[in-house]
Structures are given as structure tokens and as C-alpha cells.
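Hi,

Here is the structure you asked about. Please open it next to this note.

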Amino acid sequence: MRAKQTPLPQRRLEQFLRSDLLPQLVALKEAVPMLAPLFPQVLQLRLVADADRVQAELRWRLQRRRNQAARSALHEAIDAGVLVLFAPRYVRHEIEKHLGDIADETGTSVADAKREWDIFQDCLRFYSPRSSPSPSETYADINDFSYLATWRELDSLGVYTKDRY
């Protein structure tokens, strides 16, 4: 006679290991070196954010988010320390120039859009590229040079953009 097996309850990883805990686990691992073998190396990606991706984040926060405490996957990855998101300094001006458009498109006020921008820009690391466009290189769009320069100078993985080039 075979014993009847009871199925194990199904649990998702995020139900007991929240992404918010990752920075504390890394700090614990660094503070207590004996624990290092218990924790795998933590992956950290460095990307440069295009203004279109920043605008998309703001639009999501203003229009689609139902719970004000909810964070996008992008925001969670940044908070967890898995993603470091850089942006050329001029992105700050570019976003602020379009806050009215973002508010109109999302059916919110400029004050709401500014509030979300003020919160999200704390997730970005702004950088001023030192290099200038080179006459020996051709660019798909010269306006995107600051993204390319930031990517090169910071040795990041790539540029987070919707652009196809």
C-alpha cells in the first residue's frame, strides 16, 4: 500500500524574499565575511537611461499605477541595488521641459507630474560627459551623443531606450 503524498504548497520567491531586502543582505555579507559563502555574488547592472524611458516611467506612475505605494519593475531593481541607472545631466532639463505634456497626456496636473519627477529623479545618477562629438564618427542622431558618451565614459552595459539604433 502506497502512502498518499500531499502536494507541497506553491510559493513564489517574492512572497518570502522581498527585493527590498537585497541591500541589507549585501551589507550583512560585507559586515560578516564568514557569511560570504552562503550568498552568491550579487549582480549589478549599469545602464544609461534615455529620456523616453524616464518619461515612460513617469507616465506609468501618473496614469496606470493603482496603488501609490506600488513601484515599477525598474524602480524595484534600482531600490534593490541590482540596477544603477545613469542619465546625462541634460535629461533633467528635457523632462522638466515636457512635464506639461506628460500631465496633459496622463490627465493629471503639472504639480502631480513634478511631484513624481522629484521622487523618481532620486533613482537616477546624473552624469556630465566629458567628451565631445568626434568629427571622425557618424551618429544616427547627434542629439543622442550625450547618452553614447555617458555609456562609454562610465563603462555601462548599454543605453536603455526605445530607439532602434
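This is a predicted model: local features need pLDDT of at least 70, side-chain atom pairs count only at pLDDT 80 or more; totals for chains, interfaces and linings use all residues.

Residues are numbered from 1 along each chain as its sequence is written, and side-chain values use heavy atoms, with hydrogens and water left out.

Start with helix H6, residues 99–106. Helices (H or I, at least four residues) and strands (E, at least two) are DSSP runs, numbered from the N terminus. Leu-99, Ile-102, Ala-103 and Thr-106 are buried in H6. Buried means under 20% relative accessible area, exposed over 50%, partly exposed in between (1.4 Å probe, protein chains only). Down the axis of H6, the buried residues fall within an arc of 100 degrees, so they line one face of the helix. The arc is that of the directions from the helix axis to the C-beta atoms. Their cover includes H3, H5 and helix H7 (110–120). Just after H6, Gly-107 has a positive phi of about 70 degrees.

Next, helix H8 (residues 145–154). Its buried residues are Phe-145, Ser-146, Tyr-147, Ala-149, Thr-150 and Leu-154. Among the elements covering them are strand S1 (45–49), helix H3 (51–64) and strand S4 (158–160).

Last, His-75, in helix H4 (residues 73–80). His-75 counts as buried because its relative accessibility is 10%. Leaving aside neighbours within four places in sequence, His-75 is in contact (heavy atoms within 4.5 Å) with Glu-57, Arg-61 and Cys-123.

Best wishes
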